[in-house]
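Reader: Could you take me through the side-chain packing of this model? I would like the cut-offs stated along the way.

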Amino acid sequence: MSRRPFMRETPLEKLFKYRGVILVVSVPVMLILLVVGMMPRSTMHEDMQVELDTPRSFGASSPSPFRYAVVFDAGSTGSRVHIFRFKKGASGLDLVDDTFEQLKPGLSSFAENPTEGANSLVPLLTKAMETVPKADQKSTSIEVRATAGLRLLPGSKAEDLLSSVRSLLGTYPFAFEDASVSIMDGADEGAFQWVTTNYLLGKMGSTPSQMSAAVDLGGGSVQMAYALSQKQAAAAPKGYVRTLRGGGATYHVYVHSYLGYGLMAARAAVLDAGDKEAHPCLPEGEFPAYAYAGKSYTAAAAEGGDGQKVVYVSSYFFDRAEQSGIIKAGSIGDKFTLKAFKDAAKKACGVTSVSEIAMQFPGLEEAHAPYFCMDLMYCHTLLEQGFSLLPTSDLNLVKRIKYHGDEVEAAWPLGAAINSLA
């Protein structure tokens, strides 16, 4: 599918006409459209060549029939560790299980104390030591990939945090190099998410039109990735396409990361763009200032392609859908429509106080309640206006995907693990 313009002309009143409250709703939508409309065009990156079929050695040779990979996702809102176990076979590596643990806050919250930030990972490292057999630890790769939260820190704060993490990992027995700890390029994050999604769906080896697109809404950035035909890839400007190989096939994948357009970053942008004394996106009630990337935002409520036919959206898209009732609580995923997010936003934006939001949406964390209306409108606007998805698109919310009878988290670390062992 050819790339569509990122913003298209749509009359504003088509977004939210409900209960006749045009003034209350139109101003928030204009703010969010302003934020989405400022999304930058894709920047240039070198093509990434990734082999997904043939195992390679990493460190000392392991006597066990399994291979392990430890991947840390150092996101903007928390740190997570995945300990993947693969079975070695003639055709490559087959995922057996994924041991997962997470904690909050994220590394970026320790911008002023990098040593404390590194030490925040110790409980997760302890989990990795307990999970990987001692005999396999020296041959097990470990990597810490920070995402958008650290990319947004000013000056040397991000590198100071990463340096402290490298010093900590050097005290553990896993296969480790300084390059194993880095701020991951957003486009690579999107590519690994695409690999994870299609690997777990059993689609590796299929044609581009049979593959699924992946949209991952993080705290600091959002990624879109989908397969192109060879003809479409040849016509694309250099740097817009990643070349991935898996399942005996070669894929040309359009992938781009939009830094600053994750859900938490978007909150900050919308709050900063609105009236600080009477912000139309906030309910009435007392709540603390919103803090993000080292800055505080204070506001008060107002008075009164071929591979893009099937789309899997994840992370904060899933969380807000579950909290708003678009999908059932505890579900691993389900189909949805763009209208479902629109209707959920209407419902949340019609609630006038924080306390009432907490009552109507009991699964919502207290800290997110003041911004629930804003979050849902952003999810809807980003998908419809930002990515130009159509009401007829095959849209799927996903948290985990069943693979060989087990539920595996549909997140980029699996794609990174496959890449590290491929």
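Reader: Phe341, then: buried or exposed?

Author: Phe341 is buried, at a relative accessible area of 0%. Buried means under 20% relative accessible area, exposed over 50%, and partly exposed in between, with a 1.4 Å probe and protein chains only. This is a predicted model, in which local features need pLDDT of at least 70 and side-chain atom pairs count only at pLDDT 80 or more, while totals for chains, interfaces and linings use all residues. Residues are numbered from 1 along each chain as its sequence is written, and side-chain values use heavy atoms, with hydrogens and water left out.

Reader: How many aromatic pairs are there in the whole structure?

Author: The search finds 9 aromatic pairs. Rings of Phe, Tyr and Trp (its six-membered ring) pair if their centres lie within 6.5 Å; planes under 30 degrees apart count as stacked, over 60 as edge-to-face and the rest as tilted. Tyr199 and Tyr403 are a stacked pair because their ring centres are 5.2 Å apart and their planes meet at 25°. Both Tyr199 and Tyr403 are buried.

Reader: And what is the geometry of Phe317 and Phe341?

Author: That pair is edge-to-face, with 6.4 Å from centre to centre and 70° between the planes. Phe317 belongs to helix α9 (residues 316-324) and Phe341 to helix α10 (residues 338-349), so the pair ties together parts that are 24 residues apart in sequence. Helices (H or I, at least four residues) and strands (E, at least two) are DSSP runs, numbered from the N terminus. Phe317 is also buried, at 0% relative accessibility. Ring pairs link Phe317, Phe336 and Phe341 into a cluster.

Reader: Why is α9 described as largely enclosed?

Author: Helix α9 is largely enclosed by the rest of the structure because 7 of its 9 residues are buried. Among them are Tyr316, Phe318 and Arg320. Just after α9, Gly325 has a positive phi of about 90°.

Reader: Which charge lies over the face of Phe66?

Author: Arg85 does, at 4.6 Å from the ring centre. The criterion is NZ of Lys or CZ of Arg within 6 Å of the ring centre and within 35 degrees of the ring normal.

Reader: Turning to salt bridges, how many does the search find?

Author: It finds 14 salt bridges in the whole structure. A salt bridge is a side-chain nitrogen of Lys or Arg within 4 Å of a carboxyl oxygen of Asp or Glu. One of them joins Lys104 and Glu365, at 3.9 Å from N to O. Lys104 is exposed, with a relative accessible area of 58%, and Glu365 is partly exposed at 42%.

Reader: What about Arg145 and Glu143: buried or exposed?

Author: Both Arg145 and Glu143 are buried. Their salt bridge has its closest N and O atoms 2.8 Å apart.

Reader: Which parts of the chain does the pair Asp394 and Lys335 link?

Author: The salt bridge, at 2.7 Å from N to O, links distant parts: Asp394 is in strand β15 (residues 394-398) and Lys335 in strand β14 (residues 333-335), 59 residues apart. Asp394 is partly exposed, with a relative accessible area of 28%. Salt bridges with shared partners also join Asp185, Asp188 and Arg242 into one network.

Reader: Asp185 again. What does its side chain reach at the start of α6?

Author: A side-chain oxygen of Asp185 comes within 2.8 Å of the backbone nitrogen of Ala187. In α6 itself, 15 of 15 residues are buried.

Reader: Finally, where is Arg400 found, and which side chain does it meet in a polar contact?

Author: Arg400 is in strand β16 (residues 400-403), and its side chain makes a polar contact of 3.1 Å with that of Glu407. At 27% relative accessibility, Arg400 counts as partly exposed. Arg400 and Ser331 are 69 residues apart in sequence and 8.8 Å apart in space, C-alpha to C-alpha.

Notes: Polar contact = N/O pair within 3.5 Å; in protein donor to acceptor, adjacent residues only side chain to side chain.
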